[in-house]
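Student: I have a model open and want to learn how to read it. Please take me through it feature by feature.

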Amino acid sequence: MHNILARLNAILAFSFTVLAGLTFLCFLTTVAKDYSVDVRVRDLTGRVNVAYVNGLGEVEESIITGDLEVDLTPLFDWNAKELFVYLIAEYVTPNSPNSHNQIVLWDRIIKRGESAKINQKKFAQEYRLLDDRKALKTNPNVTLFLQWNVIPNAGALTTARGRGSQSIAMPDTYSPLRPNKQRGAG
């Protein structure tokens, strides 16, 4: 009738079909979940200065600091392996082909089992906020919000934005970002 290899092949094919079906059913249990939580960004301060960057020339650079508080614990369920969390600054550059700007200022990876509460006073900006169109000084509306990607065990990568954002009006004068320190290329 059938030899041992044909029988093993049939068992393996059936097992993988059942496993794929179960994985799909597990994915369906979290596909409609709301992955947004309340975020508090407050006490923002911003400074703007002119910097020279190789390849871009003279640009505006800004440092934004403030307080960030969020509890991401409810986002972890059986299907969430880790979160990639990032703070975004968003502003509009008038009269520009690239009028809508979004820059990541800070990020963190939170794995299952780690503390998912973020409570940072005067968070440290990790990445440079540069604008080659010099639209940061006197910009009345630079908005900060927190966004994250939920990396699942099974299913699609989900991107969600926190409920709550904070806007800051940038100063109308240049101020030194780091006194007595020369900035290099970034």
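Student: Among contacts between residues at least 6 apart in sequence, what percentage join residues at least 24 apart?

Tutor: A contact means heavy atoms within 4.5 Å. In the protein chain, 72% of those contacts join residues at least 24 apart. A word on the source: this is a predicted model, where local features need pLDDT of at least 70, side-chain atom pairs count only at pLDDT 80 or more, and totals for chains, interfaces and linings use all residues. Residues are numbered from 1 along each chain as its sequence is written, and side-chain values use heavy atoms, with hydrogens and water left out.

Student: How many helices and strands are in the protein chain?

Tutor: Helices (H or I, at least four residues) and strands (E, at least two) are DSSP runs, numbered from the N terminus. The protein chain has 1 helix and 8 strands. Its order along the sequence is α-β-β-β-β-β-β-β-β. The radius of gyration is 23 Å, well over the 16 Å from the globule rule for 186 residues, so the protein chain is more spread out than a compact globule. That radius is taken over C-alpha atoms, and the rule is 2.2 Å times the number of residues to the power 0.38. The C-alpha atoms fill a box of roughly 85 × 35 × 35 Å along the principal axes.

Student: What percentage of the residues count as buried?

Tutor: Buried means under 20% relative accessible area, exposed over 50%, and partly exposed in between (1.4 Å probe, protein chains only). Here 38% of the 186 residues count as buried.

Student: How many aromatic pairs are there?

Tutor: Rings of Phe, Tyr and Trp (its six-membered ring) pair if their centres lie within 6.5 Å; planes under 30 degrees apart count as stacked, over 60 as edge-to-face and the rest as tilted. The count comes to 2 aromatic pairs. One is F24 with F27, a tilted pair at 6.1 Å centre to centre and 45° between the planes. Both sit in helix α1 (residues 4-28), 3 residues apart, and are separated by about one helical turn. F24 is partly exposed at 47% relative accessibility. F84 and Y86 also form a tilted pair, with 5.3 Å between centres and 40° between planes. F84 is partly exposed at 28%, whereas Y86 is buried at 10%.

Student: Where is S36, and which residues does S36 touch?

Tutor: S36 is in the loop between α1 and β1. Leaving out residues up to four places away in sequence, S36 touches L75, W148, R161 and R163. S36 is buried, with a relative accessible area of 16%. The C-alpha atoms of S36 and N141 are separated by 23 Å, and these residues are 105 apart along the chain.

Student: Is D34 buried or exposed?

Tutor: D34 is exposed, at 54% relative accessibility. D34 is found in the loop between α1 and β1 (39-53).

Student: What should I know about phi?

Tutor: Most residues other than glycine have a negative phi. D43 has a positive phi, near 55°. D43 lies in strand β1 and is partly exposed at 48%. T138 also has a positive phi, about 70°. T138 is in the loop between β6 (129-131) and β7 (142-152), and is partly exposed at 46%.
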